Amino acid sequence: MNYSELTTAIQDYTENSFSAADLAMFVEQAEQRIFNSIQFPSLRKNVTGTTTSGISYLACPIDFLSAYSMAVIADSGEFTFLLNKDVNFIREAYPTPSSTGTPKHYALFGPRSTVQTELTFILGPTPDADYNIELHYFYYPESITTAASGTSWLGDNFDPILLYGSLVEAYTFMKGEPDMLQLYNGKYNEALQLAKRLGDGLERQDAYRSGQARVPVT
């Protein structure tokens, strides 16, 4: 389902006309609800970066929302995964920032500049060299509302949840009849469970770490 088909369906189902801005708002709100309910492995992202010797902080990608894993890549190509901890653990375990070594732990530290959206990681111990780092993380993919192709992974692969999520937002905006809103919510939740079976179930059966969201699949 592309964006044109989606917006037409929203207006057909609700028997109402909306402005382009309102339609985009409904869809974007639905996408955010979906992506915060299910973390599809198909939509995760990975980047590589480099630490700076003597600096315990590492900048997050601009579109970063949460981390799946972080690893140090040795010159031999060997990956060593860091353990995710809280900032207080890092401060307690490595109380002297000048004490350096190969990083073993990381934590989300927060903004370290005047731009409050620029998040950073804190590493422990402080790197004693410039290490290559690979980060796997969760992000919001480009919305179907702004994609040049008018398509998205969700629209191409699991359009019922996108349609019914958008209908819930649209019908709430309309202050529609409670029974119809309940119907759309029910259809959305049915689609959500099927999508969770895929994203948090089938696609994650061999996940190495149990900390990731994972549901049993029968």
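This is a predicted model: local features need pLDDT of at least 70, side-chain atom pairs count only at pLDDT 80 or more; totals for chains, interfaces and linings use all residues.
Local features are described here where pLDDT is at least 70 and side-chain atom pairs where pLDDT is 80 or more, while totals for chains, interfaces and linings use all residues. Residues are numbered from 1 along each chain as its sequence is written, and side-chain values use heavy atoms, with hydrogens and water left out.

The secondary structure of the protein chain comes to 6 helices and 10 strands, where helices (H or I, at least four residues) and strands (E, at least two) are DSSP runs numbered from the N terminus. Of the 218 residues, 40% count as buried, a class that means under 20% relative accessible area, against over 50% for exposed and partly exposed in between (1.4 Å probe, protein chains only). Taking contacts with a separation of 6 or more, 67% are between residues 24 or more positions apart, a contact being heavy atoms within 4.5 Å.

Two packed helices are described by the angle between their axes and the distance between the axes. The axes are lines fitted to C-alpha atoms, for helices over the stretch in contact, and the angles run from 0 to 180 degrees between N-to-C directions. Helix H1 (residues 3–14) packs with helix H2 (residues 20–37) at an angle of about 100°, the axes being 11 Å apart. The two are therefore roughly perpendicular to each other, since angles under 35 degrees count as roughly parallel, over 145 as roughly antiparallel, 65 to 115 as roughly perpendicular and the rest as oblique. On the H1 side the contact involves Tyr 3, Leu 6, Thr 7, Ile 10 and Gln 11, which meet Ala 20, Leu 23, Ala 24 and Val 27 of H2. By class, this contact has 7 nonpolar, 2 polar and no charged residues, with Ala, Val, Leu, Ile, Met, Phe, Trp, Tyr, Cys and Pro counted as nonpolar, Asp, Glu, Lys and Arg as charged, and the others, Gly among them, as polar.

H2 also packs with helix H5 (residues 159–174), here at an angle of about 125° and with the axes 8 Å apart, which makes H2 oblique to H5. The residues of H2 in this contact include Met 25, Phe 26, Ala 30 and Ile 34, and those of H5 include Ile 161, Leu 162, Val 168 and Phe 173. By class, the contact of H2 with H5 has 10 nonpolar, 3 polar and 4 charged residues.

Thr 145 lies in the loop between strand S10 (132–138) and helix H4 (153–157), and at 18% relative accessibility it counts as buried. Leaving aside residues up to four places away in sequence, Thr 145 touches Tyr 3, Ala 24, Val 27 and Glu 28. The side chain of Thr 145 makes a polar contact with the side chain of Glu 28 at 2.8 Å and another with the side chain of Ser 143, at 2.8 Å; a polar contact is a pair of N or O atoms within 3.5 Å, where within protein one must be able to donate a hydrogen and the other to accept it, and residues adjacent in sequence count only if both atoms are side-chain atoms.

Some backbone details lie in other loops. Glu 15, in the loop between H1 and H2, has a positive phi of about 55° although it is not a glycine, and Glu 15 is exposed, with a relative accessible area of 73%. Lys 175, in the loop between H5 and helix H6 (178–199), has a positive phi of about 55° although it is not a glycine. The peptide bond from Gly 124 to Pro 125 is cis, with omega near -5°, and Pro 125 is placed in the loop between strand S8 (119–124) and strand S9 (126–127).
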